[in-house]
Amino acid sequence: MKILMVCLGNICRSPLAHGIMEHLVQQKGLSWEIDSAGTGGWHIGKQPDVRSIAIAKKYGLDISGQSCRMFNTKDFEKFDHILVMDYNNLNDVKAQARSEEELSKISLFLKDNIVPDPYYDDDQFDPVYQLIEKRCKELIGEFASSL
Ligand code: 4NP
């Protein structure tokens, strides 16, 4: 199973989803591949936002080794599931799909809701972390039962 987490900047939400999911699947002994990317290119090559690194550290995860990259159409070939954080990400990634099969790989991480962008609000990093962790646990159950 290969899962890609996508947000706008690839420095706040998707690096958390990437790190949390990677940690949870490792804990369960699953050899799934997890990655993340952004639809925007402002932060390419940079580490996650210091506030994402800090909140992950608070919960025992080190995401400082991640490096920001942009989503690209090769990701449709590599990944089974492309999980996006909000409707802008959904539109931007869908616009790059070249087939029904590629379109079918894309869904909202929260199924029918968005993960709010904490970039402009320091206080949102903790609730966003909790939201992402809870959904990652559900997703593992959903994807494991589909194997
Ligand atoms: P993210 O948050 O999409 O969760 O990584 C953002 C990070 C950076 C920007 C916007 C959102 N930005 O405009 O630089």
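**A tour of the salt bridges**

Select arginine 69 and aspartate 75 to begin: their side chains meet in a salt bridge, 2.9 Å from N to O (a side-chain nitrogen of Lys or Arg within 4 Å of a carboxyl oxygen of Asp or Glu). Aspartate 75 is buried, with a relative accessible area of 4%, whereas arginine 69 is partly exposed at 21% (buried means under 20% relative accessible area, exposed over 50%, partly exposed in between, with a 1.4 Å probe and protein chains only).

This is a predicted model, in which local features need pLDDT of at least 70 and side-chain atom pairs count only at pLDDT 80 or more, while totals for chains, interfaces and linings use all residues. Residues are numbered from 1 along each chain as its sequence is written, and side-chain values use heavy atoms, leaving out hydrogens and water.

Next, select aspartate 126 and lysine 58, whose closest N and O atoms are 2.5 Å apart in a salt bridge. Because aspartate 126 lies in helix 6 and lysine 58 in helix 2, the pair ties together parts that are 68 residues apart in sequence (helices are DSSP runs of H or I with at least four residues, strands runs of E with at least two, numbered from the N terminus). Lysine 58 is exposed, at 53%.

Move on to aspartate 122 and arginine 51, a salt bridge with closest N and O atoms 2.8 Å apart. Aspartate 122 sits in the loop between strand 4 (106-108) and helix 6 (125-146), and arginine 51 in helix 2 (residues 50-58), 71 residues apart. Here aspartate 122 is exposed at 53% and arginine 51 partly exposed at 22%.

Finally, select Lys111, Lys134, Arg135, Glu138 and Glu142, which are linked in a network of salt bridges. The structure holds 14 salt bridges.
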